[in-house]
Amino acid sequence: MEYYVSASVLSADMLHLEQEIRKMENSGIDMLHFDVMDGIFVNNISYGLPILESVNKCTDMFLDVHLMITDPLKYVKRFADCGADNITFHIESESDVMETIKAIKECGVKASVSIKPATPAEAVFEYLPYVDMVLVMTVEPGFGGQSFIYDTLDKISSIRSKANELGLSVDIEVDGGINAETSPLVRRSGANVLVSGSYLFKAEDMSDAANKLKEGSGD
Ligand code: DX5
Ligand code: ZN
């Protein structure tokens, strides 16, 4: 299986974002994870379209956009226009899931669905044939730096089993509390795209930290 590290810029130094992006580029990071929060779907407000547009102008990195907003359908086109390469939205949002997947695909970008820790794995089964990736939240969405919720491991396994059963090579992304200790567990359960914020940005050597997230994953 191919493994990817998606670095969450929520943990970056916003005042020196360009330098932080160069650091990611030079550390073997595969994707830039861009968390969008509206203060309604989650109890936090982050950043949005103008920042994504500027980030897109400054790098060729794959832009992995994670929408934690109430009505993603309303905004997918604008996020795609601002440079998103993948758009992930929550099935717990108010938008129609199939309609939103379709709208994202019409923009020519990858479409992914996400579930919060309390949402069962089965909730995404019907969408597996239509999405590029499923994001299993391994913390409650809203904030970086939280502790990994171990109960989510079984959900990753059941989504991977279901995808295999259907003959689908869908990516499974995990987000929240991913570090050197939790990464082997999520990989063993079937996740192959690892989002990490505080662990990567607090590391003395970001390349080393990124390697650790993928360590042993060649087998
Ligand atoms: C949380 C965000 C995450 C967050 C992860 O709602 O979706 O992407 O930045 O941060 P860490 O790796 O610090 O848990
Ligand atoms: Zn995220």
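I began with Lys102, which forms a salt bridge with Glu106, the closest N and O atoms being 3.9 Å apart; I took a salt bridge as a side-chain nitrogen of Lys or Arg within 4 Å of a carboxyl oxygen of Asp or Glu. The two are four residues apart in helix H4 (residues 97-106), so about one helical turn separates them. I counted helices as DSSP runs of H or I with at least four residues, numbered from the N terminus. Lys102 is exposed at 56% relative accessible area, and Glu106 is exposed at 61%. My classes were buried under 20%, exposed over 50% and partly exposed in between, with a 1.4 Å probe and protein chains only.

The model is predicted: local features need pLDDT of at least 70, side-chain atom pairs count only at pLDDT 80 or more, and totals for chains, interfaces and linings use all residues. Residues are numbered from 1 along each chain as its sequence is written, chains are lettered from A and ligands numbered from 1 in the order in which they are written, and side-chain values use heavy atoms, without hydrogens and water.

I counted six salt bridges. Among them, Lys77 pairs with Asp81 at 2.9 Å between the closest N and O atoms. Lys162 pairs with Glu165 at 3.2 Å between the closest N and O atoms, both in helix H5 (residues 152-165). Glu18, Arg22 and Glu25 form a salt-bridge network.

I then checked for disulfides, meaning cysteine sulfur pairs within 2.5 Å, and found zero. The sulfur of Cys82 has its closest cysteine sulfur in Cys107, 11 Å away, too far for a bond. Cys82 is buried at 10% relative accessible area, whereas Cys107 is partly exposed at 28%.
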